[in-house]
Amino acid sequence: MKKPLIQVAAGIIRNEFGQIYLTQRLEGQDFAQALEFPGGKVDKNETLEQALKRELEEEIGIMVLQAELFERFEFEYPTKVISFYFYLVNEWVGEPFGREGQAGFWLPQNELDAGQFPPANAKLIQRLLAESEH
């Protein structure tokens, strides 16, 4: 049986101080307590950018003004395949906060730790860390 393919759009929200806004996954979710880049599933009849904007508005209360695709990859789980699209968000309106009760905070890009994220994020974290060394 073919595994379902799920598209996910997530935002790497970076402020002028080189900090990235992260949220903590809620209890009851896969990888509960792990850190994540806010975002979520792309709905049918929705573009990646529309999904990104909707999810970031729903999850952390910001309105995305400008985002560019930073990284895309697929990750296979036992029951599904997820296509991840990570957007670098440099311009937005509003101050992000956990609208769904999740913890959220700013972390310097060079302090990201892949061990605190779900395994699918490892390569992305490596790329962000490498970029922050320049």
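## E36 and the cores

The side chains of E36 and R25 are joined by a polar contact of 2.5 Å. A polar contact is a pair of N or O atoms within 3.5 Å; within protein, one must be able to donate a hydrogen and the other to accept it, and residues adjacent in sequence count only if both atoms are side-chain atoms.

This is a predicted model: local features need pLDDT of at least 70, side-chain atom pairs count only at pLDDT 80 or more, and totals for chains, interfaces and linings use all residues. Residues are numbered from 1 along each chain as its sequence is written, and side-chain values use heavy atoms, with hydrogens and water left out.

E36 lies in strand β3 (residues 35-36). Strands (E, at least two residues) and helices (H or I, at least four) are DSSP runs, numbered from the N terminus. E36 is buried, at 15% relative accessible area. Buried means under 20% (1.4 Å probe, protein chains only).

The largest nonpolar core has 22 residues, and I12 and F37 touch the most other members. Such a core is a set of buried Ala, Val, Leu, Ile, Met, Phe, Trp, Tyr and Cys residues joined through side-chain atoms within 4.5 Å.

A second, separate core of 15 residues includes Y21, A51, L56 and Y87.

Methods
Buried means under 20% relative accessible area, exposed over 50%, partly exposed in between (1.4 Å probe, protein chains only).
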